[in-house]
Amino acid sequence: MNEYSVILFHTTSSVMQTEKVLKQEGIAVKLIPTPRELSSDCGISIRFNKSDREKVEKIIEVNSIEFDSINDLN
Amino acid sequence: MIYMDNAATSWPKPDMVIEAMKNYYYQAGGNPGRSGHRLSVNGARMMYECREKVAAFFNLKDSLRVIFTSGSTQAINLVLRGMLKPGDHVITTSMEHNAVMRPLRRLEKAGINIHIAECNREGELDISTIKKLIDPSVRLVVINHASNVSGTILPVEEVASISHMFGIPVLVDASQSAGSIEIDMEKMGIDLLAFTGHKELLGPTGTGGLLINNNIDVSQIEPLVCGGTGSRSEYEQQPEDLPDRYESGTANTAGIAGLSASLDWINVRGIPAVREHAEKMTIKLIEGLSDIKEVKVYGVKNAEQSVPIVSFTIKDKTVSEVGFKLDEEFGILTRVGLHCAPAAHKTLGSFPEGTVRLSPNIFNTMEDIESTIEAVREVALS
């Protein structure tokens, strides 16, 4: 079974911006309703494979994307 | 029928604009950013895509600084009412539309000082009039890019350059220029740009926005409207994140889908091609109308210095009579009167009677222009 991580955001526009950039970099992503247990600001979050976490963090930093936090899903 | 009222709103709209609006309701009818399901996400993607197109179209680096509004009036109100405080000084011109003048006059009652740079009888702004008014106490300079009465283009780049020497931001009302002439926020030094989607951008009514350049500290601009944004829902305070700070309430999603398609349509043709056609029509209109002895044409007579808007009157005839005859007898649709711009008409010498305004666009042909000139000639001789 895949293990996932989730990025939380403050705005939907940041979700869209990040989805686009990650897809361009070939990262498999899925937009999901923000898991309530992570208690978020924005209704949508981005889920990706945990194994991509380092790459994703790097891409987010390079593109100076505004986000709340990155969390591993149990 | 010949539609010559594109400065009021453009018509027709490209088919792909109408198709995009229809498809939006079929394929992405969710509320962007509110729910996590596929229709909501599709809507959010569409809006973000349009945001990026708008940013690229006007050369703004950060697309999250594109704020969607119902049009330029709301965008201008957002800046003026959100930014100016009692005691502040603001400079504007004598060619402004009421979208600028009315909020300013209202703020004047609350103690804001308005300084008006007088334009000449052709509607042109001599940069020295701005130089005389400007000093570091000025909080904002507001200027329209092209007049909705005479089409006259104002020297935005020069005004911005002088304002920036004093550290003063410039708000540009691009209602009549966006889609008609090139607008590059970086190159022209525009700090705040208000645009509407339904005029020369050929998009739907109820669309437009405010573009905020990176140098503007948004904490200096209070939101005009507060409410739900789909973000930071646990707080009862308005979020500070962009664009949400200024985008409360459900967006005009179908309209934005249409605007997105209209930008594609214009990008395919390119502003230089749109401009070339506009200049040809404007030259012909000004020449043809000026040839009629009874006709007086207002504003600058140089098509390079204007967008395709030509205002005229006929000696001893009221503008309403002329407009009515052009519609009834010739099927030519114009707008007569003061065009929501009393200041501009006073500057051009056409207040309070107003003018008959002709505003062709990309869908008009040179034959339309010739027929219009002939119709005006007949009305003048009648």
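**Labels and their cut-offs**

Mentor: In chain B, the buried residues of α4(B) pack against α3 (72-83), β3 (89-93), β4 (113-117), β5 (138-144), β6 (170-173) and α11 (342-348). Packing here rests on contact, meaning heavy atoms within 4.5 Å. This is a predicted model, in which local features need pLDDT of at least 70 and side-chain atom pairs count only at pLDDT 80 or more, while totals for chains, interfaces and linings use all residues. Residues are numbered from 1 along each chain as its sequence is written, chains are lettered from A and ligands numbered from 1 in the order in which they are written, and side-chain values use heavy atoms, with hydrogens and water left out.

Trainee: What makes a stretch a helix, and which residues of α4(B) are buried?

Mentor: Helices are DSSP runs of H or I with at least four residues, strands are runs of E with at least two, and both are numbered from the N terminus. Buried means under 20% relative accessible area, exposed over 50%, and partly exposed in between (1.4 Å probe, protein chains only). In α4(B) the buried residues are B:N98, B:A99, B:V100, B:M101, B:P103, B:L104 and B:L107. Just after this helix, B:G111 has a positive phi of about 100°.

Trainee: How do you know what span to expect for α3(B)?

Mentor: The expected span is 1.5 Å times one less than the number of residues. For the twelve residues of α3(B) that gives 16 Å, and the end C-alpha atoms are 16 Å apart, so the two agree.

Trainee: Why is α3(B) called largely enclosed by the rest of the structure?

Mentor: Because nine of its twelve residues are buried. Among them are B:I76, B:L78, B:V79 and B:L80. Their cover includes α4, β5, β6, β7 (192-196) and β8 (208-212) of chain B.

Trainee: What makes B:R357 and B:D5 a salt bridge?

Mentor: The rule asks for a side-chain nitrogen of Lys or Arg within 4 Å of a carboxyl oxygen of Asp or Glu. B:R357 and B:D5 have N to O at 3.4 Å, so by that cut-off the pair counts. The partners are 352 residues apart, B:R357 in strand β13 (residues 355-358) and B:D5 in the loop between β1 (2-3) and α1 (15-27) of chain B.

Trainee: Are B:R357 and B:D5 buried or exposed?

Mentor: B:R357 has a relative accessible area of 1%, so it is buried. B:D5, at 13%, also counts as buried.

Trainee: Why is B:R377 called partly exposed?

Mentor: Its relative accessible area is 28%, so it falls in that class. B:R377 forms a salt bridge with B:E374 (3.4 Å, N to O). Both lie in helix α12 (residues 366-381) of chain B, three residues apart, about one turn of the helix. An α-helix has 3.6 residues a turn, so residues three or four places apart point the same way.

Trainee: How many salt bridges does the rule find across the interface of chain B and chain A?

Mentor: Two. In one salt bridge between the chains, A:E19 meets B:R45 at 2.6 Å, N to O. A:E19, A:K23 and B:R45 are linked in a network of salt bridges.

Trainee: How many residues of each chain are in contact?

Mentor: 20 residues of chain B contact 17 residues of chain A.
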